[in-house]
Amino acid sequence: MVKVIINCNIFDYDDYKENQYIRFDKEILEVGDMKDFKKKENEELIDFKSKLVMPGFVNGHTHIYSTFARGMSVDFNPKSFSDILKQLWWRMDSKIDLETTYYSGLVSGIEFIKNGITTFIDHHASGSAIKGTLNELKKGLCDEIGLRGIFCFETSDRFNVNECIEENIEFAKNKTEYYAGMFGLHASLSLSDETLKKVSENLNDLPIHIHVAESLEDEEESIAKYDKKVVERLEEFNLLNKNSILSHCVHIDEKEAEIMSKYDIYVALNPTSNMNNAVGLPNYKLLKDHEIKTIIGNDGLGFNITREYLNLYFTQKYRYEDPTFFNFSDLKSNIDNVYNLAGELLGIKIGRIKEGYKADMISYNYKPFTPLSENNIFGHVFFGIWDKLDVVDTIANGEFLMKDRKVKYDETKIYNEAKEVSKKLWKRL
């Protein structure tokens with residue numbers, strides 16, 4: 001049945017319009033002014049009573065396998081970034097099995113919905129189960145929860161490399177408007193030349209998704225072992241394919257940026273995680289100067305992507321000691337880029353409230369106490385809505401996954417089952 005949202009305001013990063021209606025099924029069929037609205041037969045009317053409608057968010061880089069780390073207690077006394085990996089994340093992901101993967105997907109899906117995320121790009125690792133693990137994620141997040149996901153498995157020398165390669169290649173053979181695959185790689189520091197050569201021979205033009213120069217150690221180890229910087233290694237093995245994601249890139253240099261600028265790739269910025277791991281801040285100026293496209297992720301740190309928007313905006317001003325640097329135009333560019341990338345990988349149009357785009361939308365109850373117009377709407381959204389995110393409705397592919405802050409799933413049952421799964425994971429640790 002065709003649905004019509006009436007009496008809403010719309011902001012889709014291009015335009016702000018008040019007193020609108022949105023006619024949609026899986027796609028947006030028509031947008032117009034309420035004064036021109038005429039109900040058609042067999043339509044469901046939904047009165048939004050002046051709620052603000054925006055496109056659903058896309059998380060450009062996340063780690064769903066980290067879901068059950070919340071509250072976990074392990075011996076942890078890192079002196080370096082590699083210590084963080086060895087003492088926490090590699091220790092945890094080595095014990096993740098198919099059941100853990102599936103339930104982390106269900107829980108993450110519900111948390112994404114509550115935070116207005118309708119599409120995500122995930123980077124998965126699970127040492128106890130490699131083959132079939134991406135299908136378990138897809139099953140939980142896309143088939144059952146109803147979100148859109150782009151998945152890959154983290155190829156690393158600490159895993160069975162052949163199984164990692166096979167998992168990435170096999171999953172990527174099939175795609176729909178709900179899911180697609182990339183080729184996952186951990187980072188240069190856990191990938192030998194032999195592994196990169198093997199990946200290159202099996203890549204089949206798939207875009208890669210890899211951590212690059214997240215810490216200085218990644219660059220230092222690359223120089224010590226291979227006499228090359230990280231990006232030089234990737235280029236040497238012909239891995240910089242179109243639409244590849246190089247996440248972090250905190251410590252790349254001018255030469256690496258020049259190499260990256262030759263390829264149609266993206267850099268995923270994760271400011272909160274970078275601060276949490278004390279590895280530095282994204283060098284947005286270097287990337288912008290070389291016209292390298294950037295997107296925003298959260299590196300698996302929670303589920304609220306708007307925290308990343310705020311932190312990137314503020315930390316870039318701090319980094320360059322310039323209150324005018326990284327403005328709303330820069331932020332909009334990052335948001336547009338991730339809509340374009342995810343849309344291209346999935347073969348759909350997302351990110352606008354316009355005819356022909358997928359009906360992936362979220363709403364807020366926002367009551368401004370200062371004048372609001374098309375000239376200052378971004379300021380209201382950034383400082384008024386994203387400062388205290390409170391999504392009321394989340395719609396994906398025309399279906400209400402959350403309505404009036406209530407998700408459509410048996411949240412209590414799923415979370416209770418997930419708690420038992422997390423207990424088993426913690427026990428294995």
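Me: Why is K3 called buried?

Reply: Buried means under 20% relative accessible area, exposed means over 50%, and partly exposed lies in between, with a 1.4 Å probe and protein chains only. K3 has a relative accessible area of 11%, so this residue counts as buried. The model is predicted: local features need pLDDT of at least 70, side-chain atom pairs count only at pLDDT 80 or more, and totals for chains, interfaces and linings use all residues. Residues are numbered from 1 along each chain as its sequence is written, and side-chain values use heavy atoms, with hydrogens and water left out.

Me: Where does K3 lie, and which residues does K3 touch?

Reply: K3 belongs to strand 1, residues 2-11; strands (E, at least two residues) and helices (H or I, at least four) are DSSP runs numbered from the N terminus. Contact means heavy atoms within 4.5 Å. Not counting residues up to four places away in sequence, K3 touches I22, R23, F24, E44, I46, G398, E399 and F400.

Me: Why does I28 count as buried?

Reply: The relative accessibility of I28 is 1%, so I28 counts as buried. I28 lies in strand 3 (residues 28-33). Beyond its neighbours within four places in sequence, I28 has contacts that include R352, I353, Y357 and M361.

Me: Why is E321 called exposed?

Reply: E321 has a relative accessibility of 75%, so E321 counts as exposed. E321 sits in the loop between helix 11 and helix 12, and its phi is near 50°, a positive value in a residue other than glycine.

Me: How do you know that D404 is exposed?

Reply: D404 has a relative accessible area of 53%, and therefore counts as exposed. D404 is found in the loop between strand 17 (399-403) and strand 18 (406-407). Although not a glycine, D404 has a positive phi of about 50°.

Me: What makes a set of residues a nonpolar core, and how many residues does the largest nonpolar core have?

Reply: The members must be buried Ala, Val, Leu, Ile, Met, Phe, Trp, Tyr and Cys residues joined through side-chain atoms within 4.5 Å. The largest nonpolar core has 118 residues, and those with the most contacts inside it are V212, I252, M260 and W386. Helix 12 gives the largest share of this core, eight residues. Another core lies apart from it, with 14 residues, among them F24, I28, I46 and F48. In soluble globular proteins, nonpolar side chains tend to be buried together.

Me: With which residues is W386 in contact?

Reply: Leaving aside its neighbours within four places in sequence, W386 is in contact with residues including Y13, F57, Y309, L331 and F378.

Me: Which residues of helix 13 are buried, and what covers them?

Reply: In helix 13 (residues 377-385), I377, F378, H380, V381, F382 and I385 are buried. Their cover includes strand 1, strand 2 (16-24), strand 5 (52-55), helix 11 (305-320), helix 12 and strand 15 (361-364).

Me: What makes a space a pocket or a cavity?

Reply: On a 1 Å grid over the protein atoms alone, a cavity is a set of points where a 1.4 Å probe fits but cannot get out, while a pocket is an open set with protein on both sides within 12 Å along at least five of seven lines; lining residues have an atom within 4 Å of a point. The largest pocket holds about 960 Å³ of space. Of its 42 lining residues, S66, T67, A69, R70 and W89 are the closest to its centre. Helix 1 supplies the largest share of that lining, seven residues. The second largest pocket holds about 170 Å³. The structure has one cavity of 30 Å³ or more, and the largest cavity holds about 40 Å³. F81, H186, A187, L189, H211, A213, E214, S215 and D218 line the largest cavity.

Terms used:
Points joined across faces, edges and corners; volume = space filled by probe spheres on them.
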